[in-house]
Amino acid sequence: MNQALSAATVATLSMRDALSLQRTTFAREMNPPLALRRDRLDRLAAMTERIAPALVEALSQDFGHRSAHVTRLADVMMVMAAISHTRRHLKKWMRTRRVATPLAFQPAASRLMPQPLGVVGIVSPWNYPYQLAIAPAAAALAAGNRVMIKPSELTPRCSELMRQAVADSFAADEMVVVTGDAQVGKGFVALPFDHLLFTGSTAVGRQVALAAAANLTPVTLELGGKSPAILSPDCDLRQAATSLALGKMFNAGQTCIAPDYVAVPRAMVEPFTSAMADAVRRLYPDLAVNPDVTSIVSDRHFERLQALQDDALQHGARIVPLAPETPGRTPRLMRPALVLDVTDGMRIMREEIFGPLLPVLAYDQLDEVIGHVNRNDRPLALYWYGKDRQARERVLRETISGGVTINDCMWHFGQEELPFGGVGASGTGAYHGEAGFRTFSKDKPVFIQSRLSGVPLLHPPYGGVFEFMARVLKHIT
């Protein structure tokens, strides 16, 4: 090969070769049997169990420090649960389903036959790099597809571990991991996949959608945004604070469904502040040396979070740290903090935070909160804390979000029976459980005509018979 070719060009050529190989092999086996699909899921589960200890170490190095328990829970246990659920229900999902046929066409029959799409591309982010690559890959493999994955360059050790593990467990015509920088990523999303799933920021999601549009590649975009938490006056304040502290401290708040701000009744702001400080002390004692905390992933992201705080201060906000400032052994450790007296003009109320900072929006009437949510982009998640069923139902009916957890935080993500996905600026499409199988399948509609069909009565030449049938059909359809 020409030595003058750039690394990105070489990678692009290699990606095209991999795509061509997977297309060729898919064409020879367009509907893999149940046994083969289960075998692929079994290999994926065995691979995950085998590399779990190495994954903990790789991600800790990639982040500077990452809690081993965060990796085990979010990147290992959730993947294993998704694979197990999919394997258990796959036979049912694969069945051709009978659907109703209008009386005028009976005794014909109508069917929906799920078929694989072909080759699925998956672009995964750095915050949960294993889970957000392998969980959708499991759904795509279960649906009978071939898979290509491009993980983030910000977690290179995890990406390389995945590349080697997949190469050891799968043939290149089944699943392959492509590593490289942002230029490689641009080349990846420009490939003519049969479906492309991207998880990441809204800004990059727009670029991915444009690149996919050139090939008319359908996309599932899992993005983010400003996910609100709303406290009702009758909520259990200690429970709500504990839940929100976990949501902002788990993976250092670097989670697309982490609460991005909390709306608190004005009279409860000070008690809420105290409850949050108490919750952080209980969950993460001795924060500076606590192994359960996680670093901010890079200097650039750490500086961005500092800039959000500085901008808020300059515009009149109060920063309330939730832990003492002490030197830590963990690089890029950011103290959790509440940001009080926020206004819409502050960057921290316009940009997704992705860190352990939590703005507090004081309110007097629930209408104010609903109006604030609806004036802005549709959030990926929404959280409601309280006992007031009528107020809760108002929030559910009068706001639009990707998903909701009531009286807790983030756990709707872990429910395999619930589809996960955004709406508007927070994403399009969904996966998890059966929704993932359907996302990566085409439900082919099949109409089976009967030899006793009355349709010939509608054939030309048109005359009295047609007019009679038109009157009949008007009353039975």
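Predicted model: local features only at pLDDT ≥ 70, side-chain atom pairs only at ≥ 80, totals over all residues.
The expected span of a helix is 1.5 Å times one less than its number of residues.

**Helix α5 and its buried face**

- The buried residues of α5 are Cys158, Ser159, Leu161, Met162, Ala165, Val166 and Ser169.
- Looking down the axis of α5, these buried residues fall within an arc of 160 degrees, so they line one face of the helix.
- The cover over the buried residues of α5 includes α2 (34-63), α4 and β5 (175-177).

**Helix α7, seen from both sides**

- Helix α7 (residues 202-213) has 12 residues, and the distance from its first C-alpha to its last is 16 Å, close to the 16 Å expected at 1.5 Å a residue.
- Thr202, Gly205, Val208 and Ala212 are the buried residues of α7.
- Down the axis of α7, the buried residues fall within an arc of 105 degrees, so they too line one face of the helix.
- The buried residues of α7 pack against α6 (182-189), β6 (195-199) and β7 (219-222).
- Turn to the other side of α7 and you will find Arg206 and Leu210, which are exposed.

**How α3 meets α4**

- Helix α3 (residues 68-94) packs with helix α4 (residues 131-142) at an angle of about 10 degrees, and their axes are 9 Å apart.
- Angles under 35 degrees count as roughly parallel, so α3 is roughly parallel to α4.
- From α3, the contact is made by Ala74, Asp75, Met78, Val79, Ile83, Thr86 and Leu90, while α4 brings Gln131, Ile134, Ala135, Ala138 and Ala142.
- Sorted by class, the contact of α3 with α4 has nine nonpolar residues, two polar and one charged.

- Thr217 sits in the loop between α7 and β7.
- Buried means under 20% relative accessible area, so Thr217, at 8% relative accessibility, counts as buried.
- Beyond its neighbours within four places in sequence, Thr217 is in contact with Leu191, Pro192, Phe193, Asp194, His195, Leu196 and Ala212.

**Asp260, a buried loop residue**

- Asp260 is found in the loop between α8 (237-249) and β9 (261-265).
- With a relative accessibility of 3%, Asp260 counts as buried.
- Setting aside neighbours within four places in sequence, the contacts of Asp260 are Gly225, Lys226, Ser227, Lys248, Glu351, Glu352, Ile353, Phe354, Leu358 and Pro359.
- Asp260 and Tyr383 are 123 residues apart in sequence, and their C-alpha atoms are 10 Å apart in space.

**Asn376, a partly exposed loop residue**

- Asn376 belongs to the loop between α11 (366-375) and β13 (381-385).
- With a relative accessible area of 39%, Asn376 is partly exposed.
- Between Asn376 and Gly225 there are 9.6 Å in space, C-alpha to C-alpha, although these two are 151 residues apart in sequence.
- Gly225 is also one of the residues in contact with Asp260.

**His301 in helix α10**

- His301 is part of helix α10 (residues 299-314).
- His301 is buried, with a relative accessible area of 11%.
- Apart from neighbours within four places in sequence, His301 is in contact with Trp126, Leu154 and Ile296.

How values were computed
Residues numbered from 1 in each chain as written. Heavy atoms only, no water. Helix = DSSP H or I, 4+ residues; strand = E, 2+ residues; numbered from the N terminus. Buried < 20%, exposed > 50% of the residue type's maximum accessible area, 1.4 Å probe, protein only. Axes fitted to C-alpha atoms, helices over the stretch in contact; angles between N-to-C directions. Parallel < 35°, antiparallel > 145°, perpendicular 65-115°, else oblique. Contact = heavy atoms within 4.5 Å. Nonpolar A, V, L, I, M, F, W, Y, C, P; charged D, E, K, R; others polar. Arc of directions from axis to C-beta.
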